Amino acid sequence: MAQPGSRYSPVRPLTPDERALLFYYCLNHTVTRCLICARSYFLSELVADLLSGRTHLCPQCRRDLTENVRTHVYACGIMPDEVRQKAQALREMAQHLVKESRQLRDKADVLIREAEAAVEETRRGLWQALKATRPST
Ligand SMILES: [Zn+2]
Ligand SMILES: [Zn+2]
C-alpha cells in the first residue's frame, strides 16, 4: 500500500486543556472555517469519525479541521488575554518538554521530572485563570 505523503501526517488531537478552553469560551461563536465548503462552523457543528478516531471534521466534506480549531484556541478574541497567554505558555513548555525528554533520555530522570513539575504548575495557573474569568451564562 502506498504511503500517503507527509502532508497527510496524522493530526494531533486537541489536548484536554485545549478542549476545556473551547468549552469555556468558544461555544457561542464559530471556531473554524472550511475553505473547501466556504463555511464557518461552531464547535458543536463539527463531527467526529468514530471509525478513525478523528474529531473536529467538517460536517460537509469531512476534512479534518482540528488544526484550524487549535489555531483558533490561541487566537480567540473572546478569551481573556491572561488565559490565552497562560495557554500559550503551557503549549510551548509542553512542546519543549517533549523535545527535552528525547534528548535527556540517558540523563538523570530528575531533570525531566522537574520540567514536568513546571508544566503542571503552569497548567494549574491556567485553570485558575480559567475559573476566575469564566463568563457567567
Ligand atoms: Zn473562541
Ligand atoms: Zn468542508
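This is a predicted model: local features need pLDDT of at least 70, side-chain atom pairs count only at pLDDT 80 or more; totals for chains, interfaces and linings use all residues.
Leaving aside neighbours within four places in sequence, which residues is Leu 21 in contact with? I looked this up before anything else. Val 73, Met 79 and Ala 87 are the contacts of Leu 21.

**Confidence**

The protein chain has a mean of 86, and 88% of its residues reach 70 or more. Going element by element, I found the highest mean in strand 2, at 98, and the lowest in helix 3, at 86.

**The core around Leu 21**

Next I followed Leu 21 into the largest nonpolar core, which has 16 residues. Leu 21 is among the residues with the most contacts inside this core, along with Val 73, Val 83, Ala 87 and Leu 126. I then listed the elements that give two or more residues to the core: helix 1, helix 2, helix 3 and helix 4 (109-133). The core also draws on both domains, with at least three residues from each of domain 1 (13-78) and domain 2 (80-131).

**Helix 2**

Is Thr 71 buried or partly exposed? I count 13 C-beta neighbours inside 10 Å, so Thr 71 is partly exposed; the cut-off for buried is 20 or more. I also looked at Thr 71 and Thr 32, which are 39 residues apart in sequence. Their C-alpha atoms are 8.7 Å apart in space.

**Strands 1 and 2**

My last stop was the pairing of strand 1 with strand 2 (residues 39-42). The two run antiparallel and are joined by 4 bridges. I found Cys 34 standing opposite Arg 39 of strand 2. How many residues lie between the two strands of this hairpin? There are 4, and one residue in the turn, Ala 38, has a positive phi of about 55°.

Technical notes:
Residues are numbered from 1 along each chain as its sequence is written. Chains are lettered from A and ligands numbered from 1 in the order in which they are written. A residue is buried if 20 or more other C-beta atoms lie within 10 Å of its own, exposed if 12 or fewer, and partly exposed in between; C-beta atoms are placed from the backbone. Two strands pair if DSSP finds at least two bridges between them. A nonpolar core is a set of buried Ala, Val, Leu, Ile, Met, Phe, Trp, Tyr and Cys residues joined through C-beta atoms within 7 Å. Domain bounds come from an automatic or database domain assignment. Two residues are in contact if their C-beta atoms, placed from the backbone, lie within 7 Å. pLDDT is the predictor's confidence in each residue, from 0 to 100.
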